[in-house]
Amino acid sequence: MISVRDLQVRYGGRLVADVPELDVGAGECVAIVGESGSGKSTTLLSLLGLTENADISGRVRVCGVDVLTASQKALREIRGARAALVMQSPQAALSPATRLGTLMRRALTLHGRQGNDVDAALEAVVLDREILRRYPHEVSGGQAQRFAIALAIALGAEVILADEPTSALDVTVQAEVVGVLRRLRAERDLALLLVSHDLALVSTIADRVLVMKDGAVVESGPAAEVLARPAHPYTRELLEALP
Ligand SMILES: Nc1ncnc2c1ncn2[C@@H]1O[C@H](COP(=O)(O)OP(=O)(O)OP(=O)(O)O)[C@@H](O)[C@H]1O
């Protein structure tokens, strides 16, 4: 579902993400971990052609679409519907005066999926139907993330790209969202790409991890192996920094 080769993203000539190889198949989960500024979000955004003013080279295929050469029309067809992005604070991306139910309905209409089952999608992320009556500011960060995942499910997403909340205060919220993703992945054969600071948390769900530092992938491999025997000093530092 996702295949990346020799991806390089530059802002103003500065290389901020250099990813030689990244593959995520249906039913697989891969995590990118690293400190703030290591290039994780840039990598994620470039997979949907969403980096602004960046120079990008390499090959990126998502849901069969060659992202770096695709037309805007082809990109719009995969974005949101087939490949959904779940952001760190989805509330910021939601229109403040629009109830979540209206937003869900509009998104389904836009992508021609009116018949899809909203109740099943909400149930899958453990949200009560009552949330549809609320405005974005009336829900917590974790609920907003789960709503974004429900939206992806209702739209029939095959790939979910999730940028995890990173503040230390959000540990329980992160664990909750990862729990939902873990179940969905098993039930719906989703391809998941997660971005997080927390190597221990992502190791509970990821098959493979990529560790990024200053834009470069310093280590990658099966999650259990990287966690148990980190080869790079930076990975060991990340593990030691955990509470
Ligand atoms: N639009 C942009 N223009 C210029 N530089 C950018 C832009 N977006 C990101 N950068 C730079 O690219 C580098 C990588 O940022 P990125 O957001 O990908 O890191 P990150 O690992 O996801 O960090 P965080 O965990 O804080 O989100 C940073 O030095 C950042 O300042």
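## Thr-109 in helix H4

In this predicted model, Thr-109 is placed in helix H4. Around its C-beta atom, 10 other C-beta atoms lie within 10 Å, and Thr-109 is therefore classed as exposed, since the limit for that class is 12 or fewer.

## The packing of H4 and H6

Two packed helices are described by the angle between their axes and the distance between the axes. Helix H4 covers residues 100-110 and helix H6 covers residues 141-154; their axes come within 10 Å and cross at roughly 30 degrees. Angles under 35 degrees count as roughly parallel, and H4 and H6 are therefore described as roughly parallel to each other. The crossing of the two helices is right-handed.

Which residues make the contact? On the side of H4 they are Leu-100, Met-104, Ala-107 and Leu-108, and on the side of H6 they are Phe-147, Leu-151 and Ala-154. Sorted by class, the contact of H4 with H6 holds seven nonpolar residues, with no polar and no charged residues.

## The largest nonpolar core

In soluble globular proteins, nonpolar side chains tend to be buried together. The largest nonpolar core of this model has 73 residues, and those touching the most other members are Ile-2, Ala-31, Val-62, Ala-152, Val-159, Ile-160 and Val-209. Helix H6 gives the most to this core, contributing nine residues.

The surroundings of Ile-160 can be listed in detail. When neighbours within four places in sequence are left aside, Ile-160 is in contact with Ala-84, Val-86, Ile-149, Ala-152, Leu-181, Leu-190 and Leu-192. One of these partners, Ala-152, is also named among the residues that touch the most other core members.

Ala-223 is found in helix H9, which spans residues 223-228. Ala-223 and Arg-5 are 218 residues apart along the chain, and their C-alpha atoms are separated by 20 Å.

His-197 has its place in a loop, between strand E8 (191-196) and helix H8 (199-203). There are 21 C-beta neighbours inside 10 Å, so His-197 counts as buried. From C-alpha to C-alpha, His-197 and Val-33 are 5.3 Å apart in space, while in sequence they are 164 residues apart.

## Positive phi angles in two loops

Cys-63 lies in the loop between strand E4 (55-62) and strand E5 (65-66). Its phi is near 50 degrees, a positive value in a residue other than glycine. Cys-63 counts as partly exposed because it has 17 C-beta neighbours inside 10 Å.

Asp-189 is located in the loop between helix H7 (171-188) and strand E8. Phi is again positive in a residue other than glycine, with a value near 60 degrees for Asp-189. How many C-beta neighbours does Asp-189 have inside 10 Å? There are 13, and Asp-189 therefore counts as partly exposed.

Methods:
Residues are numbered from 1 along each chain as its sequence is written. This is a predicted model: local features need pLDDT of at least 70, side-chain atom pairs count only at pLDDT 80 or more; totals for chains, interfaces and linings use all residues. Axes are lines fitted to C-alpha atoms, for helices over the stretch in contact, and angles run from 0 to 180 degrees between N-to-C directions. Helices (H or I, at least four residues) and strands (E, at least two) are DSSP runs, numbered from the N terminus. Angles under 35 degrees count as roughly parallel, over 145 as roughly antiparallel, 65 to 115 as roughly perpendicular and the rest as oblique. A crossing is left-handed if the near helix is turned anticlockwise from the far one by less than a right angle, and right-handed if clockwise. Two residues are in contact if their C-beta atoms, placed from the backbone, lie within 7 Å. Ala, Val, Leu, Ile, Met, Phe, Trp, Tyr, Cys and Pro count as nonpolar, Asp, Glu, Lys and Arg as charged, and the others, Gly among them, as polar. A nonpolar core is a set of buried Ala, Val, Leu, Ile, Met, Phe, Trp, Tyr and Cys residues joined through C-beta atoms within 7 Å. A residue is buried if 20 or more other C-beta atoms lie within 10 Å of its own, exposed if 12 or fewer, and partly exposed in between; C-beta atoms are placed from the backbone.
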